[in-house]
Amino acid sequence: MNFRVIFDITRTHLTTRIKQSAIAALGVTFGIGTYIIMMSFMTGLNGLLDDMVLNRTPHIHLYNEIKPSPQQPIDFYAPLAGQLNVVHSVKPKRSQVRIHNALPLIAHLEADARVQGVSPQATAKVFYLAGSNELNGIISGIKPLEEMRLFNFDEYILHGSPKDLIRNRNGILLGAGIAKKMSLAPGDRIQVSSTNGGIFPLKIVGIFQTGLAEIDNSQSYVNLKTVQQILGEGSNFISDINVKLWDMEEAASMSKVIGEQFKLTAIDINTANAQFETGTSIRNMISYAVSITLLIVAGFGIYNILNMFIYEKMNDIAILKATGFSGFDVKMIFISQALIIGFIGGILGLLLGYGVSVLIDHTPFETEALPTVKTYPVNFDPLFYIIGISFALVSTFLAGYLPARKAQNIDPVEIIRGQ
Amino acid sequence: MKYILETKGVHKYFREPVLFHVLKNISFGIEEGEFASIMGKSGCGKSTLLYILSTMDTDYEGELYLNNQLLTGRSGTELAQIRNEEIGFVFQFHYLLPEFSVLDNVMLPARKLGKKSHADIKKDALEKLDLLGIKDQAYKKASRISGGQKQRVAIARALINNPKIIMGDEPTGNLDSKNADNVFNIFKRLSEEQKLSLLVVTHDKDFANRTDRIIEMADGEILKNHYHRRLRGQG
C-alpha cells in the first residue's frame, strides 16, 4: 500500500473544497461539543445532588423512637385471645432516649465487612443564652472526624472547620440562623442551659448552614463528650447511630435485620429517598439520548456530503482506477477523508466542550443549601473526552464507509463510455 | 511471432436491456513496436473490445494475454496493478484530476507503483513532459491548460511507468486538426523510437491511414487487417 499517495489525494480533495469539509467537520464539532457539555454539566449536577442527599444522609439511621407498644397487656391474656379487644387512650411508656448498650453495638457494626463507618451522636434539648436573649434549640454531640469522613460534614461549614471542635473541647458549631438572631460570630462565647438546669459556657468555633431554616435556627454541633457532660450522662449515652455502607443497595435488608435484632427503629436511605435514584438514572438517560441523536445527525451530514462528492468525482474515480488504483485504494481515499473530518471535527468538539464547561464552571451559582458551592458544578471526567473522540471517529467512519464502498464499486468503463 | 497483447476467442454479451452479442470470436495480437488502429462504425464493438483489452472490463468469454501471461480470471487488485505497470491509457476526454497540478497528474501512477523515490519520479515526470513539449506547464493546475495540452499531459501520464503498450479511445476525437496531428506525431515517434506498442480506436480516416495497421471491425467481428507497414514477424 502507498499511503502517501492516498493521503495526498485525500488532502487535495479536502482542501480544494474546504467549505464543504468545514461544514461536515462543524457538524461533528457541535455534536461532540454538546455531548461533552451535556455530560459534564449533567453528571456535575448529579454529583452535587448525590452529595446533597446521598452522601450526607446515613444509609442506616438507628434510634429509639418513643411510641406506644403495639401489644397491650390484654393481648397476652389467653382467655380473651381471638376477641375484639379495644384499649382507649393508649400512651407510650416512659423509656430511655439513649440506645441500650450502644458501645458494644457500635463495635459490632464496625466489625461488619459491609459497613464503611459508624458515627454515633447524642442529642440534647437546650436553651442558647447570649446577653439577655434566650433561644431554644437542639444540640448534637458528634465525632467530627467521622462525620467529615462519612457524611461530608465540612461542606456545611461557613466559617471555621470541624477540626476546630477537636482542638477546642468546649467549642460549638452554631447554626447560621442562631448566630444571626443573637448577633454572634466565631470567637464569641455562648452559654447553653440544659433541661436539668446546668449552664455551660461554650466558645463558637464555627458557623454552619444547611439551607433549611428550621435546622439553621435551632441546631448546633459540639463534641460528643460535651453533650454527655451537659446531660450529666456517661460516655455510653448515645441517642443516634448513623451507619454508612460500602454498597448502598444493602441498606434496606441490613436495616431490617439490625432493627429487629436490637429492637431499635432503623430507617434506611432508600425508604427515605426512594425517588432519588430514579431521577439520577433518567437524567443520565436523557443526556445520552440527546448526545447520540446529535452525533447521528452529524453522521448523516457527513454521509450526505461524501455521497455528493463521490457523484462529483466520478471522473476522477474512473481515471484513478484506469491508471492502476485498485477499488480498495479508492475506498481508502474516501474513508480517510471521512476520518480526517471526524478527527478534526472531534478535536474541535472536545475543545468547544471543554471551553464551555470551563465557562459554566466559572458561572456563579449561589444556593443556601450548599454554602461551599459558589459556581455551577461541572464534572471534568476524562472518560467523556475519550468517549467523545471515539464516537466521532466511529460515527464518521460509518458515515464514510457506505459512500466509500460505492466509490470502490464504480465501474470505470461505464463512466468513461458514458461521456 | 511475439505478441505484446493477444486475444483468443473473445466473446462479449450485453445483457441489458436485451441479450446482445457484441463481440464475436475476436482473436488477434499486437506486436512489439506496432502502431495499430481499430476502425469501424459506431456500435460495432470497437470501444467495448478496447475496454476488455484494457483489463477494466472483465465480463467476457475467451482469453486475454499480455506479454504471454494469461490475464483472464485474475482479481481486480491484480489487474489494477498490471494496468498501473504495463498499460498506458489516453482517452478522448482528457480525464486529468482537475485539482492537481500537471506534474502531480503525471506523477500519480508512478507514486502508486511505488518503485522509485519521490525525487526520481519527479525527474521522470519532467522528462516525459519535456518529451511532449509541455514542461513549462508543469506547475499549472490541470484545469488551467488548453485541450491540446491536456491531451499531451494525459500521454505523459500514460508513459510515466514505461508501459508495454498504450491504448487510446479516440485520443484525437476532441482535438482540432493541428493538435490531432501533433498527438499522432508523438505516438508515431514513441512507436518508432521506443518500440512502444500502440492500439488506438479512431473514427479519423486520415489518422488511421498513417498507422502501421488498420483493424476494421463490423458487427462485433474483425472484417480484415490493412497493413501499411509490415513488421518483421508478419512477413
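Author: In this predicted model, 20 residues of chain A are in contact with 23 residues of chain B, contact meaning that the C-beta atoms of two residues, placed from the backbone, lie within 7 Å. On the side of chain A that touches chain B, the elements giving two or more residues are α1 (3-16), α12 (314-322), α13 (327-361) and α15 (412-418) of chain A. The most comes from α12(A), with five residues. Sorted by class, this side of chain A holds eight nonpolar, nine polar and three charged residues; Ala, Val, Leu, Ile, Met, Phe, Trp, Tyr, Cys and Pro count as nonpolar, Asp, Glu, Lys and Arg as charged, and the others, Gly among them, as polar.

Helices (H or I, at least four residues) and strands (E, at least two) are DSSP runs, numbered from the N terminus. Residues are numbered from 1 along each chain as its sequence is written, and chains are lettered from A and ligands numbered from 1 in the order in which they are written. Local features need pLDDT of at least 70, side-chain atom pairs count only at pLDDT 80 or more, and totals for chains, interfaces and linings use all residues.

Chain A itself is divided into domain 1 (3-54 + 276-418) and domain 2 (60-272), with bounds from an automatic or database domain assignment. The C-alpha centres of these two domains lie 53 Å apart.

Within chain A, helix α2 (residues 18-55) contains A:Ile37. This residue counts as buried because it has 23 C-beta neighbours inside 10 Å; the cut-off for buried is 20 or more other C-beta atoms within 10 Å, with C-beta atoms placed from the backbone. Leaving aside residues up to four places away in sequence, A:Ile37 touches A:Gly353, A:Val356 and A:Ser357. A:Leu352 is 315 residues from A:Ile37 in sequence, yet their C-alpha atoms are 8.5 Å apart.

In chain B, helix α5 (residues 147-159) is mostly covered, with 11 of its 13 residues buried. Among the buried residues are B:Val153, B:Ile155 and B:Leu159, as well as B:Lys150 and B:Arg152. Their cover includes β6 (87-91), α3 (102-113), α4 (118-131), β7 (165-169) and α6 (177-193) of chain B.

Chain B also has an open sheet of four strands in the order β2-β1-β4-β5, with antiparallel pairing; two strands pair if DSSP finds at least two bridges between them. Its edge strands are β2 (20-31) and β5 (69-70) of chain B, each pairing on one side only. Eight bridges join β1 (residues 3-14) of chain B to β2(B), and B:Leu5 has B:Ile30 in β2(B) as its bridge partner.

Notes
Buried ≥ 20, exposed ≤ 12 C-beta atoms within 10 Å, placed from the backbone.
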